[in-house]
Every structure is written in structure tokens, then in C-alpha cells.
Amino acid sequence: MTTTSTHRRDSVALGAAVGLVAITFGLLASTSGLSLAKAMAMSLLVFTGASQFAAVGVISSGGSPLSAVAGALLLAARNSLYGMRLSEGLARHGWKRIPGAHWVIDETTAMSVAQDDDVAATEAFWWTGAALFFFWNLGTAVGVLVGDAIGDPDVYGLDAAFPASFVALLGPHLSAAPGRVAGLVGASIAIVVVPFTPAGAPILLAALAIIPALLVPAAIKTTDSAVSTVEGTP
Amino acid sequence: MSWTAILVLAAGAYGFKLAGVLVGTRIERPLLRRSVSLVPPALFCALIALQTFERDTELVLDARVAGLVAALFATWRKVPFIGVIVVAMAATALARVLT
């Protein structure tokens with residue numbers, strides 16, 4: 001009961017925080033010359049924040065639509081990896097996973113995989129997806145329409161909201177050695193390659209951290225089970 | 001940005017998501033399954049690092065570092081999820097005022 005209400009509340013909170021970031025997107029979109037309809041089409045149909053920011057950023061700095069779309073798609077590619085991770089839980093929802101795939105992004109994956117059991121994990125996915133979809137589109141509209149009145153959102157430290165939410169959700173992954181290695185190596189790869197690669201590539205290359213992480217775990221698990229075998233406890 | 005560009009981007013973005021969801025259930029080899037389960041820590045730590053230290057594909061040190069430190073501290077002190085976000089935003093905003 002407690003965990004259920006916690007992850008529902010957290011989903012809505014994350015949605016609200018992301019909605020504030022969407023105001024920034026709406027503002028940037030409108031200053032880049034996008035109409036309300038186009039900005040809303042991006043938030044409704046593309047619905048993956050990093051890609052949207054990248055595309056609009058390229059356009060506003062005078063880049064071609066082709067490079068804007070290519071860069072944005074490079075950032076969107078990681079959602080395939082998230083989809084694989086979430087696929088098993090989503091498979092239990094039958095055809096709903098087809099439209100549900102639209103909500104497979106950083107935040108929904110993070111909230112889902114942070115849960116202790118499968119039921120909570122899929123529920124967290126749907127709740128976070130619904131909350132984000134609602135607030136992301138609401139925030140975009142607000143940003144386009146009244147963004148000017150709000151001024152520079154970074155003054156409120158908004159850009160800290162996203163990394164902070166991921167810090168808060170990482171705990172369960174870092175409790176075991178393989179997860180810690182994956183995290184540490186992943187972050188290191190991303191930082192090292194940033195100056196030499198286009199946006200989006202560092203995140204994809206960070207997935208290579210899985211390889212060293214795979215080499216770690218067996219040893220520790222064997223030790224644990226060896227101990228429990230000796231002590232006769234499961 | 002043209003309507004064509006927006007629709008191509010939308011179709012591509014959804015294509016990536018759906019491909020993962022559909023292919024994922026066919027992954028049966030234990031090694032691959034374990035690999036997929038290690039995706040979140042690898043990518044989320046990379047995201048945290050980039051969103052704290054990267055600006056326009058360059059590495060920079062700015063007020064966002066204060067937010068990261070505050071978030072780590074709040075998480076370590078078992079502050080609830082919403083609190084972690086609020087504390088990090090406040091720390092970053094404060095660091096911006098002070099620097």
C-alpha cells in the first residue's frame with residue numbers, strides 16, 4: 001500500500017517538474033519561429049524532450065531541417081534500449097503496449113525500473129507516462145503562449161530538476177556491483193567523448209559500459225550463495 | 001521547422017521506441033537479458049553527468065554542480081523524491097545568485 005501510493009505520488013511530482021521544463025521548450029520553440037500548432041505537434045507526437053530541444057536548437061541557430069531531424073533522431077535512439085528493458089512488463093498489457101511505446105522515455109523508464117516488484121514497475125510506467133504526457137504538453141502550451149512573461153527559467157534552477165530526479169531514482173541500480181560499474185563507466189565514457197561527438201552519441205556510447213559491468217557480478221553472487229549454502233539458509 | 005520535418009521526427013522517434021518494445025520480448029539468451037538490465041544505470045549515470053557538466057557539447061563547471069551535490073546529499077539522507085528535486089533546484093538557483 002505504502003509503496004503504491006509513493007510511486008503514484010512520485011510519478012505526478014516528476015510529471016509536474018518536467019512540465020516546468022516543457023515551459024522552457026515552448027518558449028524556445030516560439031522564439032525559434034515555431035507556431036503554437038507546430039510546437040504542440042512536437043510535444044504530442046515526438047514526445048522525447050532531449051530530441052525536441054535539440055531539433056529546435058539547431059533550427060534557432062540557423063541549421064538545416066535535415067541536420068535538426070538527424071541530430072534529434074540520434075538522441076531518440078536510446079529509447080530503443082529503454083523499450084527493450086521495459087518490454088517484458090509491457091508485454092503483459094497486450095495490444096496496449098503498441099500505443100504505450102509512445103511513452104517509453106528516460107523518465108518513465110527510470111521510475112519504472114526503480115520499483116521493487118513487477119506490478120509496481122508497470123504501474124509506475126503508466127502513471128509516469130500519463131503524468132508526463134499531460135504536464136509536458138500543458139507546459140509546452142504555456143511556454144509558447146506566456147513564456148515571455150516568465151523570463152529565464154534557469155534563474156529558478158530548473159535545469160537541476162532532471163538530473164536530480166535521476167539521482168533520486170538510481171539507488172536500486174547501484175546497490176549491486178554490476179550496476180555501480182555500469183553507472184561509473186557509463187558516466188565516464190559520456191564525459192570523455194562529449195567534446196568529440198555530436199549530441200546524442202555520448203549517451204549511446206555510454207551503453208558500452210554494460211560490457212565491463214557484465215564481467216563483475218558472477219564472482220559476488222557466487223560468494224553469497226556459497227556462504228548461504230554453508231549456513232544452510234536460502 | 002517544416003511540418004514534414006516534424007512528422008519525420010515524430011515517426012522516427014516512435015519507431016525507435018516501438019522497435020525496442022517489440023524486439024525486447026524476443027530476447028531470451030540470459031547474457032543479453034542481463035545486458036539489457038544494465039542499460040538503466042549506464043545511461044542514467046551518463047545523463048546525469050552530461051546534464052551537469054555539458055553545455056553545447058563542451059564540458060563546463062557551473063551552478064548545476066551545486067544541484068548535483070545537493071541531490072546526492074538529499075538522496076543519501078533519504079529525503080523523499082519531490083524533496084530531492086526541490087533541494088537541487090534551490091541549490092542551483094542559489095549558486096547562480098552567488099556566482
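Colleague: Which pattern does chain A follow, read along the sequence?

Modeller: Helices and strands are DSSP runs, numbered from the N terminus; a helix is H or I with at least four residues, a strand is E with at least two. In this predicted model, chain A reads α-α-α-α-α-α-α-α-α-α-α-α-α, that is, 13 helices and zero strands. Residues are numbered from 1 along each chain as its sequence is written, while chains are lettered from A and ligands numbered from 1 in the order in which they are written. Local features need pLDDT of at least 70 and side-chain atom pairs count only at pLDDT 80 or more, whereas totals for chains, interfaces and linings use all residues; side-chain values use heavy atoms, with hydrogens and water left out.

Colleague: How many residues are in chain A, and what percentage is buried?

Modeller: Buried means under 20% relative accessible area, exposed means over 50%, and partly exposed lies in between (1.4 Å probe, protein chains only). Of the 234 residues in chain A, 50% are buried. The C-alpha atoms of the chain fill a box of roughly 70 × 45 × 40 Å along the principal axes.

Colleague: Is A:Ser51 buried or exposed?

Modeller: A:Ser51 sits in helix 3 (residues 49-60) of chain A. It counts as buried because its relative accessible area is 0%.

Colleague: What does A:Ser51 touch?

Modeller: Contact means heavy atoms within 4.5 Å. Leaving out residues up to four places away in sequence, A:Ser51 touches A:Ala72, A:Leu75 and A:Ala76. A polar contact is a pair of N or O atoms within 3.5 Å; within protein, one must be able to donate a hydrogen and the other to accept it, and residues adjacent in sequence count only if both atoms are side-chain atoms. A polar atom of the A:Ser51 side chain lies 2.8 Å from the backbone oxygen of A:Ala72, and a polar side-chain atom of A:Ser51 is 3.4 Å from the backbone nitrogen of A:Ala76.

Colleague: What area is buried between chain A and chain B?

Modeller: The size of an interface is often given as the accessible area lost when the parts come together. Here buried area is that loss (1.4 Å probe), summed over both parts. Between chain A and chain B it is about 6300 Å², and carbon and sulfur atoms give 80% of it. In this interface, 85 residues of chain A are in contact with 65 residues of chain B.

Colleague: How many salt bridges are counted between chain A and chain B?

Modeller: A salt bridge is a side-chain nitrogen of Lys or Arg within 4 Å of a carboxyl oxygen of Asp or Glu. The count between the two chains is three. One salt bridge joins the side chains of B:Arg96 and A:Asp159 (2.6 Å, N to O). On the side of chain A that touches chain B, helix 5 (residues 78-91) gives the most, with twelve residues.

Colleague: Where is B:Lys78, and what is its phi?

Modeller: Most residues other than glycine have a negative phi. B:Lys78 has a positive phi, near 60°. It is placed in the loop between helix 4 (64-76) and helix 5 (81-98) of chain B. B:Lys78 is exposed because its relative accessible area is 73%.

Colleague: Where is B:Thr57?

Modeller: B:Thr57 lies in the loop between strand 1 (54-55) and strand 2 (58-59) of chain B. B:Thr57 also has a positive phi, about 55°, although it is not a glycine. At 30% relative accessibility, B:Thr57 is partly exposed.

Methods:
Buried area is the accessible area (1.4 Å probe) that two parts lose on being put together, summed over both.
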